[in-house]
Amino acid sequence: MSEELKMPRHVAIILDGNGRWAKAKGMPRNYGHVQGAKTVEVICEEAYKMGIQYLTVYAFSTENWNRPQEEVDALMKLLRNYMKTCLKTAEKNRMCVRVLGEKSRLDLDIRTRISELEEATKNNDGLHFQIAINYGGRDEIVRAVRTIAREAAAGRLAPESVTEQTISSLLDTAGIPEPDLLIRTCNEQRISNFLLWQLAYTEFYFTETAWPDFTKEELIKAVEAYNHRNRRYGGLEG
């Protein structure tokens, strides 16, 4: 890796292709999800070594509940196990973990583990790692708007005082810098309701590589592509 590469401060990843990867190997989709979770662990460590400060991954969307019940149950089981693994990894690498999304639909034991994980890692000074679970960009914005509407109805917020910062401060990502680079694996080229507000000026990178096969080398390729982009904001150099 070239020492001249400028690292994006915040990388977001849509983890796509677990099921297709498994099917290509003659294995059940759940096998792909298990391998994909292992890849997350590897990329967290490699990203931080490279100098990336924030990493956000799309693990389970609000639409994923529509998958076959057997697959949803397996994903929830995997999530339970991953919470334990993530806590150990966070302790080892001083990783600060935060879960994005609407948590009320998750089972109580999962919500408890999320709270414990966030509390235990909140003061860590390593990689800031965000996991989007039961997350949807539209749902996130709707929740923020409802809060604004309640505040306005109660007379605590004047409508004309609402700014972009007002909305940003009510999103799940409040306090987190917006992504510089979005990576989507398995050659899908859409954002699928992920970080709709936050991706306004983000560079996109798409790769044919399925998530379980995503490696440090693939991450470097994405960062190299990012370095060749001419970052512009409203026609001005970034």
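User: Is L100 buried or exposed?

Analyst: The model before us is a predicted one. A residue is judged by its relative accessible area, and a value under 20% counts as buried. L100 is buried, because its relative accessible area is 0%. This residue belongs to strand β3.

User: Which residues does L100 touch, not counting residues up to four places away in sequence?

Analyst: L100 touches T56, Q130, I131, A132, I133, Y135, D172 and T173. Distance along the chain and distance in space may also be set side by side. L100 and E160 are 60 residues apart in sequence, and their C-alpha atoms lie 28 Å apart in space.

User: In what order do the strands form the sheet?

Analyst: The order is read from the pairing of strands. Here 6 strands form an open sheet, arranged as β3-β4-β2-β1-β5-β6, and the pairing is parallel. The strands β3 (96–100) and β6 (203–206) stand at the edges with a single partner strand each, so one side of each is left without a neighbour in the sheet. On average, neighbouring strands of this sheet are turned by 20° against each other, direction ignored.

User: How many bridges join β3 to β4?

Analyst: There are 5 bridges between β3 and β4 (residues 128–135), and these two strands run parallel. As an example, V97 has F129 in β4 as its bridge partner.

User: How many residues of β2 are buried?

Analyst: Of the 8 residues in β2, 7 are buried, and the strand is therefore described as mostly covered. Helix α2 (residues 29–50) lies across β1 (10–14), β2 (54–61) and β4, and runs at about 165° to β2.

User: How is the packing of two helices described?

Analyst: Two packed helices are described by the angle between their axes and the distance between the axes. In this model, the axes of α2 and α3 (residues 69–93) come within 10 Å and cross at roughly 20°. Because angles under 35 degrees count as roughly parallel, α2 is roughly parallel to α3. The crossing is right-handed.

User: Which residues make the contact of α2 with α3?

Analyst: From α2 come R29, N30, H33, V34, A37, V40 and E41. From α3 come E70, E71, A74, L75, L78, Y82, T85, C86 and T89. These residues divide into 8 nonpolar, 4 polar and 4 charged.

User: Is H33 buried or exposed?

Analyst: H33, a residue of helix α2, is buried, with a relative accessible area of 9%. Leaving aside neighbours within four places in sequence, H33 is in contact with N18, R67, E71, L75 and L78. Among these, E71, L75 and L78 also take part in the contact on the side of α3.

User: Where is G126 found?

Analyst: G126 is found in the loop between α4 (108–121) and β4. G126 touches Y48, N93 and R94, not counting residues up to four places away in sequence. The C-alpha atoms of G126 and V97 are separated by 9.8 Å, with the two residues 29 apart along the chain.

Conventions. Residues numbered from 1 in each chain as written. Predicted model: local features only at pLDDT ≥ 70, side-chain atom pairs only at ≥ 80, totals over all residues. Heavy atoms only, no water. Pairing = 2+ DSSP bridges. Helix = DSSP H or I, 4+ residues; strand = E, 2+ residues; numbered from the N terminus. Axes fitted to C-alpha atoms, helices over the stretch in contact; angles between N-to-C directions. Contact = heavy atoms within 4.5 Å. Parallel < 35°, antiparallel > 145°, perpendicular 65-115°, else oblique. Left-handed = near helix turned anticlockwise from the far one by under 90°. Nonpolar A, V, L, I, M, F, W, Y, C, P; charged D, E, K, R; others polar. Buried < 20%, exposed > 50% of the residue type's maximum accessible area, 1.4 Å probe, protein only.
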